[in-house]
Each structure stands twice: as C-alpha cells, then as structure tokens.
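Student: Could we go through this structure together? I would like to begin with helix packing.

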Amino acid sequence: MRLVTFSLVCGMFFTLSHASESIPYKNPSLPVKVRVADLLSRMTLNEKLLQLSQLTLSDNNVNNISANGKDGIPLGIGSLIYFSSDPEARNKVQKENMLNTRLGIPVLFGFDVIHGYNSIYPIPLAQSCSWNPELATKLSRIAAYEAYNTGINWTFSPMIDVSRDPRWGRVAECYGEDPYLNGIFGVAAVKGYQGQDLLDKYSIAACLKHYVGYGASEGGRDYRYTEVSEQTLWSTYLPPYKACVEQGACTVMSAFNDISGVPATCNEYTLNHILRDRWKFDGFVVSDWNAIEQLVYQGVAENDAEAGLKAFKAGVDMDMVDMIYFDNFNKLLNEGKLDISLIDKSVERILSLKFRLGLFENPYTVPEKDTKIEKSIRKNCEQMAEESFVLLKNDKTLPIDNKVKSLAVIGPMAKDKENLLGSWSANGKPENAESIFEGLSSEFGKRIKLNYALGSNFEETNQEMIKEAIDVVSKSDAVILCLGEKRTWSGENASRSTISLPTAQEDLMSALYKEGKPIVLILSSGRPIELSRLEPMANSIIEIWQPGLYGAIPLAGILSGRINPSGKLTMTFPLISGQIPVYYNMRQSARPYKKMGDYLDITVNPLYEFGHGLSYTEYEYSEISVSKTKISRNEEIKAEITVTNIGSRSGKETVLWFISDPACTISRPIKELKFFEKKEIQPGESKVYTFIINPERDLSYVDSDGNPLLEKGLYYLRVKDKCIKIEVID
Ligand code: GLC
C-alpha cells in the first residue's frame with residue numbers, strides 16, 4: 001500500500017512540477033523575457049490594468065502627509081505601499097493574491113525607506129556632508145536588510161533632486177546643491193539597496209526620485225511651478241539621474257512639479273525622450289502620490305481620464321494610489337484613444353521587476369536575523385553621524401578643555417529624542433534614540449558635572465525657563481546650547497518662509513550670552529539655518545543635522561576631542577534668508593569688481609560656503625601639479641596635490657576638485673565640482689590626492705538637448721585657493 005501511495009504522491013508531484021514547468025511563466029529556469037511574454041499572453045485587460053495600479057496597505061503615518069489605508073483592495077493589485085511593519089500582515093495579503101487569483105501574480109510591496117528602516121541613520125543631506133559614499137552604501141544595505149525582513153521589496157529612494165533653496169523642506173532628503181555629488185551618493189544608495197543581484201537575499205529595488213527638477217520649486221514652496229530651461233535641466237537636474245540609471249536603478253518616480261509649463265507627470269520630453277529614447281532606461285516609472293489626478297489642478301487636464309491618458313502616453317507606467325488607469329483605460333481603449341500595445345509595454349516592465357526580484361518563487365517574507373549585519377549596524381550609524389557633523393566655527397573652545405569641571409546643557413534639543421530622527425523615519429522609534437544629554441553623560445561621566453535646564457521650547461519664549469537656564473549657567477564653566485528644528489519642519493509639505501530658528505531660541509541664546517561663559521552651539525536641523533544673529537554669540541558651532549538614533553555618542557566624542565570632526569557642507573549656509581538662492585556654482589556677476597551688484601544692505605556672500613568644515617588639526621596644501629598643461633580632447637592627464645597634516649592629531653581630509661571654464665559658448669558656473677577624495681592623514685604625514693582628468697567627462701558642458709560639448713581653450717583646475725591653467729588645444 002505504502003509503495004502505491006508513494007508512487008502516487010511522486011506522480012502527483014511530478015505532474016504538478018512538470019505542469020508548472022510546462023507553464024513558462026512559472027518556470028524559473030527560463031529567461032525573464034520569456035516568462036513575461038508568456039504571462040502577458042494569458043492576462044485579461046482587467047488583470048493588466050491592476051498591475052499598473054498601486055494602493056496603500058495600513059494607515060500612512062508619515063508627518064505632514066498622513067492618509068488612511070485603502071479599504072477593499074482588489075485582488076491582483078500590482079503594488080502596495082506598505083505602512084505596517086508586520087511581515088505576517090504582508091504575507092497574508094500576498095497569499096490571497098497568489099492563491100486566490102487566476103494567475104497568481106505576486107504584489108510588489110513598496111515603502112519610503114529613506115535613511116534606514118528600524119535603525120535610523122543621518123538624513124541624506126547629512127550623509128553627503130560625510131563625503132563618504134562607501135559608508136552610505138553600507139548603510140543602504142543595512143536599510144535594505146531591515147526593510148526586506150519586514151516584507152518590503154522596493155524603496156522609494158534615493159531622492160537625488162539638486163536643491164538650492166533651503167526654504168524647501170525636502171532639501172533634507174537630497175544630497176545637497178551639487179549635481180555631481182547627488183549622482184555619487186545616489187549611485188552609492190542604489191548599490192546598497194540593489195546589491196550585486198536583485199535575487200540576492202536582502203536586495204530591494206531602488207527608485208530614483210523625483211524625476212525631475214523638483215528642487216527648483218519656486219520660492220521653495222512645495223508642489224509648485226519650476227522655471228527650468230532645457231540647458232539647466234541637462235546641466236543641473238538630470239546628471240544625478242543619468243548616473244543612477246547607468247548604475248542600474250530599477251525604477252523612477254515622476255515628480256509633482258510643473259517643469260516650465262509641462263508637469264513632470266506628463267512630460268514627454270523628460271520621460272519618453274530622455275529616459276527611454278536617450279538613456280534606454282528599461283525599468284518602470286511610478287507617479288508620485290495622487291500626481292496623475294493633480295494634473296487637473298495643474299491645468300493640463302479637464303478630468304481624470306484625460307489626466308490618466310496624458311500621464312500614461314508620456315511614460316508613467318504605474319499610478320500611485322489614484323486608480324485612474326484602472327477606472328478609465330477600458331473606456332479609452334474602446335474609444336480608440338489608447339492602444340493596448342502601450343499597456344502591454346508597461347505591464348511587461350512591472351512584471352520584469354517582479355521576476356527579477358524572485359517574487360514568483362519567493363513571494364513570502366521569512367524574517368531572518370543576520371548576526372554579521374546586526375553587529376555592524378550601530379558602528380556604521382555612529383560612523384556616518386560622526387563624519388556628517390560639520391564644525392562650522394571654533395575659536396579653540398573645542399575640544400573641551402580639561403580644566404572645565406562643569407557644563408550647562410541647555411535647550412530644546414538637549415534631551416530631545418524624536419526630532420533627532422528627522423523626516424521620513426520609517427519604523428524608527430524615538431525611544432530608541434540617544435539624546436545629546438545622554439551622549440554627554442556617557443562621554444564625560446564623572447569627569448565633568450552636567451547641569452541641565454530646558455531654557456525654552458522650540459517656539460515659545462518662557463521667561464521662567466530662561467531664568468532657570470541662567471541660574472544653571474552661572475554654576476557652570478561653559479555652555480552646551482542645543483537648538484534646532486522639529487522633524488516636521490522639513491521633509492515633504494514643510495516649506496518655511498524663513499530659515500531662521502524661532503525667536504524663542506534666539507532669545508534664549510541672547511540671554512545666556514550675557515552670562516559671559518563660552519557657548520558651544522549644537523544645531524540639529526533638516527536644512528541650512530540662518531545664523532547671522534547667533535554666530536557672533538557662539539564660540540563654537542557644530543551642525544549635527546538629524547543624525548537618527550545614534551548621533552549622541554559621536555557628538556560627545558567630538559566635544560571631548562576623542563573624535564576629530566571631518567564633515568564639510570554640501571549646501572551653502574546663507575547669512576540671512578534674504579540671500580536665497582545663494583549657492584557655490586552660481587554664474588559670475590557681470591560686474592564682479594568694486595562690490596558692484598551687491599545688496600545695498602548686506603553682502604552677497606553667504607555665511608558658510610559649500611565645502612566649509614573645520615577640523616581640530618590643520619592641513620597645508622601644496623600647489624597643484626599636472627602631467628601636462630596642453631592636452632588634446634581624447635587624452636587624460638593626471639592632476640595631483642599634496643596635503644600635509646601640520647597639526648598634532650590625525651584627521652580625515654576631503655579634497656574637492658573643481659573646474660572653471662572662463663570663456664565658453666554659454667556662460668558656465670563660477671566653478672563646478674568634478675571629483676573628490678577623503679583620506680586619513682596622521683600628524684606630520686603628507687598624502688597625495690590624485691584626479692585623473694578626462695576632458696570629455698570633466699571639462700565639457702551639455703547643450704540644451706543634452707549633448708556634451710568640449711571646446712578648445714583655457715580651463716582652470718581649482719582646489720581651495722590653489723589654481724592651475726590647462727588648455728585643450730584640439
Ligand atoms: C510622497 C512623496 C514621495 C513618496 C511617495 C510615497 O508624496 O512625494 O517622495 O515616495 O509620496 O510615500
């Protein structure tokens with residue numbers, strides 16, 4: 001009997017497995033293209049339109065843009081934005097889709113994993129100030145590991161929108177004001193998320209956003225018009241996307257903004273022409289939240305059907321939470337306004353990613369702790385925090401002198417935890433964050449007595465609180481004043497008309513300043529802050545951005561001198577908000593002499609420039625040397641500069657290489673970042689930094705349709721105040 005049963009079961013198993021292998025799309029040994037074609041051929045129109053649609057599962061708890069989870073999610077939906085952190089809830093939905101639909105197509109679960117999932121590390125703007133993209137890759141891999149174990153297969157990250165207006169809340173999410181740097185860090189993030197192969201354990205699909213030009217939002221106001229010429233589009237906003245598409249990013253998210261009259265959500269030129277025809281991008285494009293429906297508000301569509309048709313024909317494959325494609329395309333097909341071949345093309349792109357991620361074979365999440373990764377988490381988060389902090393000012397008050405026996409730790413950020421996490425903090429728990437005060441306690445222990453007073457809330461001046469703070473300061477040798485922004489003051493839908501801190505915080509500093517004790521200002525923010533009135537009252541200033549869970553210990557290490565700060569700004573600090581926009585790679589004034597063109601009331605120079613960041617040691621830069629000064633366009637030359645640590649302690653120094661083109665067919669920025677290197681240098685040691693210049697890559701500019709042009713003539717190579725001429729002679 002047993003033999004009969006056994007052969008029956010084997011027979012059945014053979015039949016089933018043979019049956020599934022006889023169905024090409026269920027056969028993992030076949031190429032993705034073959035599986036996609038087979039599956040597509042079996043799909044009904046309804047099933048296809050569901051694949052083009054994304055809804056939300058669970059409630060959206062993201063600050064500033066909360067929304068409720070959609071009830072009645074149709075079986076067969078293509079993707080869900082997953083706001084829960086329970087893999088079993090996700091598996092339950094997946095099982096319903098795999099087992100109770102005709103073809104068993106897995107759902108793609110996406111989420112905003114922007115700077116960590118459980119283990120929140122510094123915001124992207126901070127990461128870029130570390131000038132350590134390799135570390136950013138490690139952290140993105142950790143984020144992918146944690147997200148993957150929650151059931152997320154797709155993150156809406158990296159955000160690579162070049163931003164020059166710090167009134168815009170989303171500057172927190174990008175990698176600063178430079179196109180090249182946004183590309184370098186965007187590529188670093190894609191590498192971390194997608195790994196060597198999408199089939200690798202913990203790999204999740206990346207999503208480049210917000211395509212394109214969103215950072216140019218007029219007045220820093222979110223969701224607005226952007227005046228972007230095609231020249232600026234190609235020279236400023238597109239380079240990071242090109243670099244990340246070349247890196248193999250799987251998806252792109254179209255942006256909310258209106259690009260000089262044509263919203264990004266229905267912009268044929270950027271989506272079909274550039275992304276598809278020029279860059280041969282073969283992934284898929286998802287709209288931003290409700291962005292298709294918003295085309296009606298932006299004045300380019302009379303109704304949802306027209307909005308959907310425009311967005312789809314322009315190149316948006318998947319509709320985020322509108323269901324406009326699903327609700328309208330059947331009718332549009334019948335009216336002959338839409339061709340099924342376009343729908344098939346988009347469905348193919350979405351199915352391809354699901355096959356490449358292995359979702360058909362492994363649709364369910366089986367959480368798995370990886371001890372090696374787990375052990376690396378805190379160390380990497382702390383290192384990124386440490387390297388992202390920028391010492392903006394220091395009159396030698398730091399590191400804290402051994403003679404200091406007591407510190408007054410004051411301000412709304414002193415014991416705060418929640419706001420250290422910043423915007424888009426996914427499943428990060430504020431209670432798991434270490435406050436600045438806790439970090440100081442751990443670092444200084446008994447050596448230094450810490451006296452605490454709140455001093456002021458974030459926004460309300462309170463004379464009683466100020467009095468308490470003054471009393472604490474009077475009993476202390478120096479002041480650690482912790483000021484900054486709430487995490488809801490940056491991120492999406494968080495533009496501010498001024499980048500000043502609230503007067504309550506400025507009042508507190510003014511009151512403490514009168515006590516005459518040294519003040520170290522610790523600033524936690526999601527954007528550059530207007531410091532014109534605070535800077536003169538501070539002996540030292542450290543910008544710590546929003547460092548996530550583990551910034552307090554590294555900060556205390558910098559205050560004690562155990563750590564030498566190495567961060568450098570990747571976004572300019574204006575002197576006052578009225579200077580905005582002010583950024584390093586502006587065009588030259590027509591009258592750069594005798595202060596012509598300055599404001600009548602203030603200087604045009606910012607308080608702290610792009611690249612600014614102090615150290616506890618000093619570096620001496622040699623002159624720049626080049627292997628040749630006259631070159632032809634297709635030969636590379638080597639540029640070198642030697643940096644010597646003339647101080648008494650080791651440090652990590654980043655050398656930024658810029659080029660200038662003083663006479664070109666078009667006016668170019670005063671200087672353009674083209675390369676950088678970060679190295680640790682011991683006291684007394686010298687290190688050579690090398691930049692291999694490829695003229696086509698590093699000296700050319702792009703014309704208004706993105707064609708790189710290299711002109712003969714003079715160029716300047718610049719590092720700090722060092723400069724050398726090179727000439728392209730043919
Ligand atoms: C939001 C944001 C976008 C995010 C998406 C999903 O509105 O603009 O960055 O990825 O919707 O949450």
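Student: How are α16 and α19 oriented to each other?
Tutor: In this predicted model, α16 and α19 are oblique to each other, because angles under 35 degrees count as roughly parallel, over 145 as roughly antiparallel, 65 to 115 as roughly perpendicular and the rest as oblique. Helix α16 (residues 436-444) and helix α19 (residues 552-560) pack at about 55°, and their axes are 8 Å apart. Helices here are DSSP runs of H or I with at least four residues, numbered from the N terminus. Axes are lines fitted to C-alpha atoms over the stretch in contact, with angles running from 0 to 180 degrees between N-to-C directions.

Student: And what about α8 and α10?
Tutor: Helix α8 (residues 230-237) packs against helix α10 (residues 268-278) at about 50°, with 14 Å between the axes. That makes α8 oblique to α10.

Student: Changing topic, which residues surround the ligand?
Tutor: Among them are Asp112, Arg170, His210, Trp289 and Glu492; a residue counts if one of its heavy atoms lies within 4 Å.

Student: How far is aspartate 112 from a ligand oxygen atom?
Tutor: A polar side-chain atom of aspartate 112 is 2.5 Å from an oxygen atom of the ligand. For aspartate 288 the corresponding distance is 2.7 Å, and for glutamate 492 it is 2.9 Å. A polar contact is a pair of N or O atoms within 3.5 Å.

How values were computed:
Residues numbered from 1 in each chain as written. Predicted model: local features only at pLDDT ≥ 70, side-chain atom pairs only at ≥ 80, totals over all residues. Heavy atoms only, no water. Polar contact = N/O pair within 3.5 Å; in protein donor to acceptor, adjacent residues only side chain to side chain. Helix = DSSP H or I, 4+ residues; strand = E, 2+ residues; numbered from the N terminus.
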